[in-house]
Amino acid sequence: MTRESWGTRFGFIMATAGSAVGLGNIWRFPYTTGEEGGGAFLLIYLLFIMVFGLAVVMAELVVGRMTQRNPVGAFKRLGGGQWPLVGMMGVVAGFVILSFYIVVAGWTLAYVFLMAHGSLADASPANLEQVFGEFISNPIEPVLYAGIFMGLCALVVAHGIGSGIERASKIFMPILFLILIVLVVRSITLPGAEEGIRFFLIPDWDKVSTNTFTAAIGQAFFSLSLGMGALITYGSYMPKDHNLPADASMVVVLDTSVAILAGFAILPAVFAAGLSPGAGPGLTFITLPAVFAAIPGGQFFGILFFILLAIAALTSAVSLLEVVVAYFVDEHKMSRRKATIMVSLICFGLGIPSSLSLGVWDAKFMDKGFMDWMEYLSVNLMLPVGALFTALFVGWRLGPKAIKAITNEGTLPVPATGLWLFILRYLAPLGILWILISSLN
Ligand code: TRP
């Protein structure tokens with residue numbers, strides 16, 4: 001059977017940008033920027049995207065395209081020895097990340113309905129905090145929403161690359177952009193928005209600490225879907241004649257633009273409503289509904305916002321599921337349908353304790369609940385380790401062969417290929433090692 005591939009360049013870019021653009025951009029980025037002091041964080045984040053982000057995105061895509069395999073098969077084919085373990089860790093990370101990603105994504109679905117129902121209108125931030133707390137600690141509802149979300153994801157992935165993931169992304173990503181633009185216009189035209197714009201754009205270097213750097217680099221990798229072979233898998237469906245560096249740059253630009261636009265959609269509105277941007281993860285679910293309750297047309301924009309979040313989360317979760325499904329299809333010769341159903345059920349099962357750990361099951365292991373552990377192990381440990389080995393692999397093991405592959409055997413003029421290898425060999429490994437060490441402390 002021949003391997004499926006993306007139908008068009010546009011389709012590939014939408015699908016890959018769909019993977020990158022997710023809760024990371026619209027939920028995590030604005031609240032992390034809020035916590036880390038605004039403009040200075042933004043600049044450091046942009047620097048890391050340009051130095052490390054693009055280089056590692058290209059590295060993952062090229063490994064996928066050279067081998068046309070899932071991450072385990074790809075490392076087996078090009079590296080042999082112990083290298084497939086890097087791919088295996090990616091597949092495990094995919095399972096783990098997806099299991100809690102669907103929980104948060106489920107909240108966004110629930111909030112579409114809560115907004116539409118009007119139960120978040122006229123509420124004070126204190127009330128909204130209570131609404132949110134009661135919702136996520138309920139043992140049934142959030143689990144059901146996570147299940148619904150997992151089902152939607154499975155539906156897309158079961159249809160395969162072209163008529164599943166590519167088609168869904170080509171429809172959803174442009175909608176997402178439109179909704180985001182509408183929200184940005186609403187936010188920056190509110191009276192009092194300037195203060196938020198200033199907070200977002202003007203660096204205040206006094207607020208920068210080592211933590212700002214580790215938060216920025218971690219955010220950059222998570223946002224670009226790096227470190228677990230999602231882009232190896234997406235690259236494996238990429239036709240050999242595509243211009244990989246150009247497409248990779250486009251994806252990075254889109255992902256970064258959405259993060260910045262999400263910042264403009266959220267931070268000025270939060271300031272205009274006289275609230276604080278430093279609310280942490282609750283910014284989207286507590287602070288923002290308070291903003292929507294306070295502004296003209298708030299209910300409409302609120303519904304739009306949570307639909308936006310759910311769409312972004314769906315195309316990202318699809319890429320996490322696809323990595324694991326591709327592994328079972330390629331390496332264990334399972335049918336796509338069967339692999340999708342099996343993996344989705346297991347992920348949902350693993351998501352249940354995550355959701356319950358925010359309510360009825362409040363056991364803590366070393367200060368962290370179950371969901372915190374899942375997030376910590378996958379995002380703070382497996383992803384950086386995966387990205388580290390991928391950079392070393394492409395930089396040292398493949399070296400000039402990788403350059404040959406990204407230039408389509410020397411037929412494409414690609415600038416700065418030497419710099420690319422230099423980053424993969426030295427800068428990225430050192431940078432990643434540094435986040436790992438500081439996050440372990
Ligand atoms: N990038 C997505 C986001 O910003 C999340 C995501 C999807 C991801 N696939 C990934 C993160 C693979 C790390 C690895 O929400």
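Which residue forms a salt bridge with Glu166, and how many Å apart are the closest N and O atoms? The partner is Lys170, and the closest N and O atoms of the pair are 3.9 Å apart, where a salt bridge is a side-chain nitrogen of Lys or Arg within 4 Å of a carboxyl oxygen of Asp or Glu.

## Basis of the values

This is a predicted model, in which local features need pLDDT of at least 70 and side-chain atom pairs count only at pLDDT 80 or more, while totals for chains, interfaces and linings use all residues. Residues are numbered from 1 along each chain as its sequence is written, and side-chain values use heavy atoms, with hydrogens and water left out.

## Salt bridges

By the rule given above, the count comes to 7 salt bridges. Glu166 and Lys170 are separated by about one helical turn, because they are 4 residues apart in helix α8 (residues 161-188); helices here are DSSP runs (H or I, at least four residues), numbered from the N terminus. Glu166 is buried, with a relative accessible area of 3%, whereas Lys170 counts as partly exposed at 33%. Buried means under 20% relative accessible area, exposed means over 50%, and partly exposed lies in between, with a 1.4 Å probe and protein chains only.

Glu322 forms a salt bridge with Arg336, the closest N and O atoms being 2.9 Å apart. This pair links distant parts of the chain, with Glu322 in helix α14 and Arg336 in helix α15 (residues 336-356), 14 residues apart. Glu322 counts as buried at 0% relative accessibility, and Arg336 counts as buried at 18%. Lys76 forms a salt bridge with Glu331, with the closest N and O atoms 2.8 Å apart; here too the pair links distant parts of the chain, Lys76 being in helix α4 and Glu331 in helix α14 (residues 298-332), 255 residues apart. Lys76 counts as partly exposed at 47% relative accessibility, and Glu331 counts as partly exposed at 21%.

Thr340 lies in helix α15 and counts as buried, at 1% relative accessibility. When neighbours within four places in sequence are left aside, Thr340 is in contact (heavy atoms within 4.5 Å) with Ala154, Val157, Ala158, Leu321 and Val325.

## Surface patches

Patches are made of residues with over 30% relative accessible area and no salt bridge, like charges being joined within 9 Å and nonpolar side chains (Val, Leu, Ile, Met, Phe, Trp, Tyr) within 5 Å. Arg69, Arg77, Lys240 and Lys333 gather in a patch of positive charge on the surface, with the place of a charge taken as NZ of Lys or CZ of Arg. Among them, Arg77 is found in helix α4 (residues 71-78) and counts as exposed at 53% relative accessibility.

A nonpolar surface patch of about 500 Å² is made by Trp396, Leu419, Phe422, Tyr426 and Leu427. Helix α18 (residues 417-440) gives the largest share of this patch, 4 residues. Tyr426 has its place in helix α18 and is partly exposed, with a relative accessible area of 38%.

## Pro400 in helix α17

Pro400 is found in helix α17 (residues 400-406) and is exposed, with a relative accessible area of 60%. Apart from neighbours within four places in sequence, Pro400 is in contact with Leu421 and Arg425. Pro400 and Phe149 are 251 residues apart in sequence and 43 Å apart in space, C-alpha to C-alpha.

Methods. Areas by Shrake-Rupley, 256 points an atom, 1.4 Å probe, with all protein chains shown as cover. Lys, Arg positive; Asp, Glu negative; His and termini not counted. Helix = DSSP H or I, 4+ residues; strand = E, 2+ residues; numbered from the N terminus.
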